[in-house]
Amino acid sequence: MPVSIAVVGAGPSGFYTAAALIKSGQDCQVDIVEALPTPFGLIRGGVAPDHQSTKAVSRAFAKTATHERIAYFGNVHLGRDVSLVELRSIYDAVVLALGAPVDRELALPGGGKAGVYGAAAFVGWYNGHPDFTDLNPNLNVEHVCVIGNGNVALDVARVLVKTPAEMASSDLPDHAAKAIHRAPIREVTVIGRRGPLQAKFTNKELSELNDLMDCVPLVEAKDLPDEVTGRMSDRTHRLAEKNLKTLRGFAQRDVAERRKRLRFLFNARPVEILGGDRVEGLRLERTSLQDERAVGTGEFIDLPCGLVVSAIGYRMAPVEGVPIDAESGVVRSRDGRVEPGLYVVGWAKRGPTGVIGTNKTDGDEVAAQIAQDAGQGGKPGRRALEALLRGRGVRRVTFRDWQRIEAAEIAAASVGAPRRKLVRINDMLEILAKEFSGSQTNEPA
Ligand SMILES: Cc1cc2nc3c(=O)[nH]c(=O)nc-3n(C[C@H](O)[C@H](O)[C@H](O)COP(=O)(O)OP(=O)(O)OC[C@H]3O[C@@H](n4cnc5c(N)ncnc54)[C@H](O)[C@@H]3O)c2cc1C
């Protein structure tokens with residue numbers, strides 16, 4: 001009897017795991033259980049809409065999903081539609097590939113004011129994640145502060161300053177395009193507690209800012225060190241050198257070159273959000289670096305701004321029965337083994353680090369662990385989950401269903417754009433109701 005395995009979460013780590021399990025040669029059946037009707041996790045909902053080539057990896061995942069031993073259970077939320085206890089009683093092994101979808105809190109006085117968002121929510125909004133479609137941020141502002149020195153901060157800043165023409169070949173959803181392109185934003189400041197050498201930007205994302213049509217990237221030359229110093233690996237050293245070179249280029253740019261400005265402010269840590277009910281500014285304290293830590297100098301700056309987006313990291317969302325480490329915000333495990341028969345991969349295991357491909361190693365590792373641990377199988381797997389969901393009236397979305405949703409998105413795209421995203425679950429399910437009136441249970445997965 002094949003070993004039955006549920007992989008919960010259809011992001012990169014879930015798909016790499018499913019592919020590795022099939023490739024491992026084990027006699028197994030793999031069901032991918034996903035909260036949204038749409039697969040691919042942050043590839044659809046996180047990776048910037050103007051970075052379509054990065055999203056192309058989802059084509060390989062789509063191939064995985066249509067493998068005869070794999071089935072997709074979209075629109076099935078662990079913790080709402082099925083509990084972890086139930087899944088573990090149905091499957092021989094359960095792999096948690098849930099990502100880390102919750103913003104680390106910006107614990108500042110005034111952090112609760114209107115106009116302060118975490119990147120998970122803000123990026124989710126401009127990427128059409130159904131949970132954030134109605135975020136409705138007020139973009140009637142001239143100055144935006146983005147807190148954080150990683151690629152997510154650069155994504156947010158870039159998407160806010162690009163022109164409609166620059167976004168024409170993206171899949172920025174209609175609601176976000178309307179709000180962003182009408183906004184009077186003139187300046188975005190990207191703020192880092194530490195210096196340019198400690199920034200986590202990849203050089204490709206940083207250099208890309210040189211090519212913006214309507215916006216000039218700027219940094220004060222005095223904020224840049226003469227050379228790369230400090231304890232770091234060769235790889236980090238090389239990256240810091242490249243980034244320093246790119247930033248030196250930004251320091252030479254003329255503020256008058258373009259209508260909008262994207263400024264980098266290093267060695268400044270946010271200490272208070274200013275304003276009444278709404279954010280009106282950000283108070284920062286200048287820092288100096290001591291043993292790689294940012295230490296306040298007692299010198300303060302107030303930056304007026306109408307929107308603050310913090311991109312300072314992510315943690316897991318709580319799910320009943322899943323042990324989450326309070327400090328790190330990830331699932332407690334020994335190299336991915338949580339409890340007998342329960343495993344974790346991807347950002348839920350490692351936290352929010354690495355690129356899409358980094359998750360592949362987790363998939364390979366967990367496939368080997370399951371092969372070692374799982375024995376003969378024996379639990380009912382797929383049929384039992386189907387019966388449970390049917391009994392609860394849960395509208396499971398199959399991979400074929402998703403392909404119909406995708407076809408509708410592609411058909412509705414404007415010229416040059418890859419798709420017009422559906423951003424509400426009901427609208428996605430309506431497409432299925434319209435296009436398919438038969439019984440979903442007769443459908444191949
Ligand atoms: C804003 C942003 C931009 C990025 N840009 C890039 C980039 O340009 N290039 C790059 O290489 N990497 C990028 N990354 C990193 C990359 O997206 C991650 O490495 C990768 O997505 C992590 O994969 P994952 O499967 O662990 O998590 P995720 O991609 O988050 O997938 C988790 C999945 O689990 C599902 N899920 C969560 N809870 C439940 C539940 N209770 N029940 C069922 N399903 C659930 C979610 O809906 C989601 O589909 C970016 C990340 C972010 C945040």
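This report looks at the ligand shell and at one helix pair in a predicted model.

## Ground rules

Residue numbers start from 1 along each chain as its sequence is written. Since the model is predicted, local features need pLDDT of at least 70 and side-chain atom pairs count only at pLDDT 80 or more, while totals for chains, interfaces and linings use all residues.

## Around the ligand

There are 35 residues around the ligand, and Gly9, Gly11, Gly41, Gly99 and Gly346 come nearest (near here puts the C-beta atom, placed from the backbone, within 6 Å). Helix 1 (12-23), helix 7 (151-161) and helix 11 (347-350) each give two or more residues to this shell, and helix 1 gives the most, with three. Helices are DSSP runs of H or I, at least four residues, numbered from the N terminus.

By class, the shell has 19 nonpolar, 14 polar and two charged residues (nonpolar is Ala, Val, Leu, Ile, Met, Phe, Trp, Tyr, Cys and Pro; charged is Asp, Glu, Lys and Arg; the others, Gly among them, are polar). Domain 1 (3-101 + 316-442) and domain 2 (105-312) each supply at least three shell residues, with bounds taken from an automatic or database domain assignment.

## Helix 6 against helix 7

Helix 7 also packs on helix 6 (residues 119-126), at about 45 degrees with the axes 11 Å apart. Axes are lines fitted to C-alpha atoms over the stretch in contact, and angles run from 0 to 180 degrees between N-to-C directions.

Where do helix 6 and helix 7 meet? Ala119, Phe122, Val123 and Tyr126 in helix 6 meet Val152, Asp155, Val156 and Val159 in helix 7, contact being C-beta atoms, placed from the backbone, within 7 Å. That contact has seven nonpolar, no polar and one charged residues.

Technical notes: Contact = placed C-beta atoms within 7 Å.
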